[in-house]
Amino acid sequence: MSNRALSPVVATVLLLVVTLVVAGTIGAVAVQSLSLEAPEHAAIGVSASATTNRVTFTHRAGESLNVDELDIEISVNGEPLKEQPPVPFFSADGFRAGPTGPFNSAADSTWSVGEVASLELAETNAPLLESEDEIDVRIVENETLVAEIETTVR
């Protein structure tokens, strides 16, 4: 038996091993970087009503949030609201006065599990809510993504 006949087989096996090691490394790095991009540390439920133009947020689980450090971005069917909610607030352009719960500037700024907050879009904001619209909400605390939520307007 000749040693030359084994060379292509050994080279093919080595090439396969190197390919699997490189693919495994790239896969591990990709999974790790995905988990670092969107660290959701609170579970927030969102509902929206077309009849009242009200968006309601329920803190369902996870860490308490400091409302003073939150940025909330709302889009309707992919279009961002003309005026975004400057939580906490009492009166703000694009919203009816008196949001509820921790979004109200007179309330405690800590948003804990079980607490409900809501705000109502004013007719001066756009787009207003219509039944079956898709709502996308991003909640960011100190430039860290807290939650991304999608819901349908009822």
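What follows is a short walk through the chain, one selection at a time.

**Before you click.** This is a predicted model, where local features need pLDDT of at least 70, side-chain atom pairs count only at pLDDT 80 or more, and totals for chains, interfaces and linings use all residues. Residues are numbered from 1 along each chain as its sequence is written, and side-chain values use heavy atoms, with hydrogens and water left out.

**The whole chain.** Colour by secondary structure and you'll see one helix and nine strands. Helices (H or I, at least four residues) and strands (E, at least two) are DSSP runs, numbered from the N terminus. Along the sequence, the order reads α-β-β-β-β-β-β-β-β-β. Of the 154 residues, 34% count as buried; buried means under 20% relative accessible area, exposed over 50%, and partly exposed in between (1.4 Å probe, protein chains only).

**The core.** Now select Ile44, Phe57, Phe103, Trp111, Leu119, Val137 and Ile139: of the 30 residues in the largest nonpolar core, these touch the most other members. Strand 1 (42-49), strand 2 (54-62), strand 4 (70-76), strand 7 (116-120), strand 8 and strand 9 (144-152) each give two or more residues to this core. Such a core is a set of buried Ala, Val, Leu, Ile, Met, Phe, Trp, Tyr and Cys residues joined through side-chain atoms within 4.5 Å. In soluble globular proteins, nonpolar side chains tend to be buried together.

**Strand 4.** Next, highlight strand 4. Five of its seven residues are buried, so this strand is largely enclosed by the rest of the structure. Strand 4 pairs with strand 8 in the antiparallel sense over seven bridges (two strands pair if DSSP finds at least two bridges between them). To see the pairing, pick Ile74, which stands opposite Val137 in strand 8. On to strand 5 (residues 79-80), which runs antiparallel to strand 4 and is joined to it by two bridges. Here Ser75 stands opposite Pro80. The two strands form a hairpin with two residues between them, and Asn77 in the turn has a positive phi of about 50°.

**Salt bridges.** Show the charged side chains. How many salt bridges does the structure hold? There are six, each being a side-chain nitrogen of Lys or Arg within 4 Å of a carboxyl oxygen of Asp or Glu.

- Arg54 and Glu120 meet at 3.0 Å, N to O. Arg54 is in strand 2 and Glu120 in strand 7, so the pair ties together parts that are 66 residues apart in sequence. Arg54 is partly exposed at 24% relative accessibility, while Glu120 is buried at 18%.
- Arg138 and Glu73 meet at 3.2 Å, N to O. Arg138 sits in strand 8 and Glu73 in strand 4, so this pair ties together parts 65 residues apart in sequence.
- Arg154 and Glu132 meet at 3.4 Å, N to O, and both are exposed.

**Last stop: Glu141.** Select Glu141 in strand 8 (residues 134-141). Is Glu141 buried or exposed? Glu141 is buried yet has no salt bridge, and the nearest side chain of opposite charge, Arg138, is 13 Å away. For charge, Lys and Arg count as positive and Asp and Glu as negative, with His and the chain ends not counted. Leaving out residues up to four places away in sequence, Glu141 touches His41, Leu65, Asn66, Glu69, Leu70 and Val146, where a contact means heavy atoms within 4.5 Å.
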